[in-house]
Structure formats: structure tokens, C-alpha cells
Amino acid sequence: MSVSEHPMQALAAFLPEGSFDQVVAYIHHYKVHLTISKQRKSVLGDYRHAGWGGNHRISVNGDLNKYEFLITLLHELAHLLTYELHKTRVEPHGKEWKANYSRLLADFIQQKVFPPDVEKALERSLVNPSATANGETELLLVLRKYNPVKKEGILHVIDVPEGALFQTSNGRIFRKGPVRRKRFECVEVKTGHRYTFSAVSEVKLLQEPR
């Protein structure tokens with residue numbers, strides 16, 4: 001995994017306007033070793049608690065848009081705050097983490113650093129924030145509107161018509177099925193096996209053979 005350390009002033013390029021000073025205050029106060037990581041498919045960010053007098057360590061993917069970067073950083077800061085108060089005595093995404101994360105989000109929402117549509121989606125998630133990014137489907141769909149680079153020919157699974165074929169990044173082909181709770185049940189064409197996909201999974205829509 002490639003990572004890079006960023007001086008505080010360089011960090012401003014990754015953050016929404018109006019959020020830099022408070023983010024830096026948290027980083028300095030809690031002695032956070034922050035790294036900006038290249039794209040990781042499995043996680044958007046990561047937190048490692050301080051050990052033996054060392055620093056807390058947080059990494060955030062550098063390919064996120066500014067609003068998603070800040071939200072991911074706050075997610076990881078909430079882990080830090082929870083560890084400071086409870087060490088390892090509570091669940092990683094239990095009520096203590098949810099309370100800290102909600103409080104951090106509410107503070108930045110109050111400062112109006114997010115666009116109105118992101119702010120609205122965040123306010124709905126404050127009551128019971130999700131442990132993972134994919135659990136916040138509505139929020140992710142709004143956030144991805146602000147990605148600086150649009151991927152030509154790529155759709156989210158939620159935008160693929162039911163029954164249509166789509167291809168994943170590894171070349172496998174699926175037929176979209178119905179939604180089951182928050183995920184879509186799809187059938188792999190080659191094997192007939194069923195898999196579930198997040199609504200925000202990025203795929204390529206395929207044309208049916210004539």
C-alpha cells in the first residue's frame with residue numbers, strides 16, 4: 001500500500017473550505033500521525049490507536065472528493081475519541097462510537113462546510129450512523145456527484161435496470177435482480193451463482209446480444 005505524509009498546509013487541498021483549522025486542531029491535540037493513502041477497494045480510511053507512547057495513526061484514501069475525505073476522516077477521529085475514553089472495552093462501532101461520530105458530524109454541519117444536499121443526507125444519518133461507508137447508500141450517492149472525475153460508461157448498480165446485464169471491474173458478467181433489504185441480488189451469467197451488490201457498486205452496463 002502506497003502512502004504519503006502530508007504537511008498540514010498541503011492537507012488543505014483535500015478538505016472542504018472552512019474545515020481546515022478545526023481538523024488541524026484535532027490532529028495536533030491528539031497527536032495524530034495522518035497519512036494519505038492511494039485508492040484501497042476495501043476501506044476508505046483506517047485508525048490505529050497509540051501504543052507505548054506512540055502517536056495515534058489515521059489513514060484516509062487520497063482519491064476521495066473533499067466532502068467524502070472529511071467525512072471519512074471524522075469517522076476515524078470518532079474511533080480515536082472512543083479509544084481515548086474507553087480503550088478496547090467497547091465495540092468498535094457501538095453506541096459510544098456512534099455518539100462521538102454523530103457529535104463530530106453535527107459540529108461540521110453547523111459550520112456549513114457541506115453543500116445542502118450532502119448536509120441533508122448527513123442529518124438523516126446522524127440518528128444511527130452506519131459502521132461502513134456502504135451502509136450509507138443515500139449519502140454515498142449524493143457524495144459521488146461531487147467526484148471531480150466522472151467515469152465514462154460507469155453506473156451504480158442502483159441505476160442499472162432490473163434484468164439488465166452488467167460487468168464488474170474484474171470482467172465478470174451479472175444479471176441484475178431484485179433488491180433484498182439494501183442490496184441487490186444478482187446472478188452471475190457464467191456460473192448461475194447468486195451474489196448481492198451494494199446499490200453504489202460501480203459497474204458497466206452491457207447490451208444484450210441480438
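These legends accompany close-up views of a predicted model. Local features need pLDDT of at least 70, side-chain atom pairs count only at pLDDT 80 or more, and totals for chains, interfaces and linings use all residues. Residues are numbered from 1 along each chain as its sequence is written, and side-chain values use heavy atoms, with hydrogens and water left out.

**View A. Helix 5 and its buried side.** Helix 5 spans residues 116-125. Helices (H or I, at least four residues) and strands (E, at least two) are DSSP runs, numbered from the N terminus. V118, E119, A121, L122 and S125 of helix 5 are buried. Buried means under 20% relative accessible area, exposed over 50%, and partly exposed in between (1.4 Å probe, protein chains only). Exposed P116 and K120 sit on the face turned away from the buried side. The buried residues of helix 5 pack against helix 3 (66-86), helix 4 (95-110) and helix 6 (137-143); contact here means heavy atoms within 4.5 Å.

**View B. Y67 and its aromatic partners.** Rings of Phe, Tyr and Trp (its six-membered ring) pair if their centres lie within 6.5 Å; planes under 30 degrees apart count as stacked, over 60 as edge-to-face and the rest as tilted. The count comes to eight aromatic pairs. Y67 and F114 form a tilted pair, 6.3 Å centre to centre with 50 degrees between the planes. Y67 is in helix 3 and F114 in the loop between helix 4 and helix 5, 47 residues apart. F114 is buried, at a relative accessible area of 5%. The rings of Y67 and Y146 have centres 5.3 Å apart and planes at 80 degrees, so this pair is edge-to-face. Y146 lies in the loop between helix 6 and strand 5 (154-156), so its pair with Y67 ties together parts 79 residues apart in sequence. Y146 is partly exposed, at 30% relative accessibility.

**View C. Charges over rings.** A charge sits over a ring if NZ of Lys or CZ of Arg is within 6 Å of the ring centre and within 35 degrees of the ring normal. R172 lies over the face of Y195, 5.0 Å from the ring centre. Y195 also belongs to one aromatic cluster with F166, F174 and F197. The charged end of K176 sits over the ring of F184, 4.2 Å from its centre.

**View D. The nonpolar cores.** A nonpolar core is a set of buried Ala, Val, Leu, Ile, Met, Phe, Trp, Tyr and Cys residues joined through side-chain atoms within 4.5 Å. The largest has 42 residues, and L11, L34, F69, I71 and F114 have the most contacts inside it. Helix 3 gives the largest share of this core, ten residues. Leaving aside neighbours within four places in sequence, L11 is in contact with F20, V23, I27, L34, I36 and F69. A second, separate core of ten residues includes V160, F184, C186 and F197.

**View E. E138 on helix 6.** E138 is found in helix 6. It is partly exposed, at 39% relative accessibility. Its side chain makes a polar contact with the side chain of R124 (2.2 Å). A polar contact is a pair of N or O atoms within 3.5 Å; within protein, one must be able to donate a hydrogen and the other to accept it, and residues adjacent in sequence count only if both atoms are side-chain atoms. E138 and S125 are 9.3 Å apart, C-alpha to C-alpha.
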